[in-house]
Amino acid sequence: MPHTSFEKTLLAAVDEGLSSLGDSPKQAILFHLENSFKLRKTKIPTNLTEFAKALEGIFGPGASYLEKLIVKRLYEKLGLEFEEEETWNFLDYIDDAKKHLNTMGDI
């Protein structure tokens, strides 16, 4: 899977994760990301640290729930089995998904 395909898949997983909250909340979050955090939706895959910080800024400790939804969708889309790791954060899961794809020769 070329790098841009991974980014598109990740963006789709982000979209689906946010959509799980409903369309209006999703639109409000995207508006807040862009206006308060200067993070456009299309730039999320290349600014994951900023995205994670922005979610935490919006949701506080509840951000981890939304991050986990996004990661589960990403793993599902990539055909990977999601296993929860207690010490991992959002970025660790993204790195793990990339490593699995590198191992399979898809990135």
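The legends below describe several close-up views of a predicted model.

In this predicted model, local features need pLDDT of at least 70 and side-chain atom pairs count only at pLDDT 80 or more, whereas totals for chains, interfaces and linings use all residues. Residues are numbered from 1 along each chain as its sequence is written, and side-chain values use heavy atoms, with hydrogens and water left out.

View 1. Read along the sequence, the pattern is α-α-α-α-α, where helices (H or I, at least four residues) and strands (E, at least two) are DSSP runs numbered from the N terminus. The C-alpha atoms fill a box of roughly 40 × 30 × 20 Å, taken along the principal axes. The radius of gyration of the chain is 13 Å, which agrees with the value near 13 Å that a compact globule of 107 residues would have; this radius is taken over C-alpha atoms, and the globule rule is 2.2 Å times the number of residues to the power 0.38. Of the 107 residues, 35% count as buried, a term that means under 20% relative accessible area, while exposed means over 50% and partly exposed lies in between (1.4 Å probe, protein chains only). Among contacts between residues at least 6 apart in sequence, 50% join residues at least 24 apart, a contact being heavy atoms within 4.5 Å.

**View 2. The packing of helix 3 against helix 4.** Helix 3 (residues 48–59) and helix 4 (residues 63–78) pack at an angle of about 135°, with their axes 8 Å apart; axes are lines fitted to C-alpha atoms, for helices over the stretch in contact, and angles run from 0 to 180 degrees between N-to-C directions. The two helices are therefore oblique to each other, since angles under 35 degrees count as roughly parallel, over 145 as roughly antiparallel, 65 to 115 as roughly perpendicular and the rest as oblique. Helix 3 contributes Phe-51, Ala-52, Leu-55, Glu-56 and Phe-59 to the contact, and helix 4 contributes Ala-63, Leu-66, Glu-67 and Ile-70. By class, this contact has seven nonpolar, no polar and two charged residues, where Ala, Val, Leu, Ile, Met, Phe, Trp, Tyr, Cys and Pro count as nonpolar, Asp, Glu, Lys and Arg as charged, and the others, Gly among them, as polar.

**View 3. Ala-63 in helix 4.** At 3% relative accessibility, Ala-63 counts as buried. Not counting residues up to four places away in sequence, Ala-63 touches Leu-55 and Glu-56. The C-alpha atoms of Ala-63 and Leu-10, 53 residues apart along the chain, are separated by 17 Å.

**View 4. Helix 4 alongside helix 5.** The axes of helix 4 and helix 5 come within 10 Å and cross at roughly 5°, which makes helix 4 roughly parallel to helix 5. From helix 4, the residues Glu-67, Ile-70, Val-71, Leu-74, Tyr-75 and Leu-78 meet Phe-90, Tyr-93, Ile-94, Asp-96, Ala-97 and Leu-101 of helix 5. The residues of this contact divide into 10 nonpolar, no polar and two charged.

**View 5. A cluster of aromatic rings formed by Tyr-75, Phe-82, Trp-88 and Tyr-93.** Rings of Phe, Tyr and Trp (its six-membered ring) pair if their centres lie within 6.5 Å, and planes under 30 degrees apart count as stacked, over 60 as edge-to-face and the rest as tilted. By this rule the count comes to five aromatic pairs. One of them, Tyr-75 with Tyr-93, is edge-to-face, at 6.4 Å centre to centre and with 80° between the planes. This pair links distant parts of the chain, with Tyr-75 in helix 4 and Tyr-93 in helix 5 (residues 90–103), 18 residues apart. Tyr-75 is buried, with a relative accessible area of 2%, and Tyr-93 is buried as well, with 3%.

**View 6. Lys-26 in helix 2.** At 9% relative accessibility, Lys-26 counts as buried. Leaving aside its neighbours within four places in sequence, Lys-26 is in contact with Asp-15, Leu-18 and Ser-19. The C-alpha atoms of Lys-26 and Ile-70, 44 residues apart along the chain, are separated by 13 Å.

**View 7. Lys-38 in the loop between helix 2 (23–37) and helix 3.** Lys-38 has a positive phi of about 55° although it is not a glycine, and at 67% relative accessibility this residue counts as exposed.
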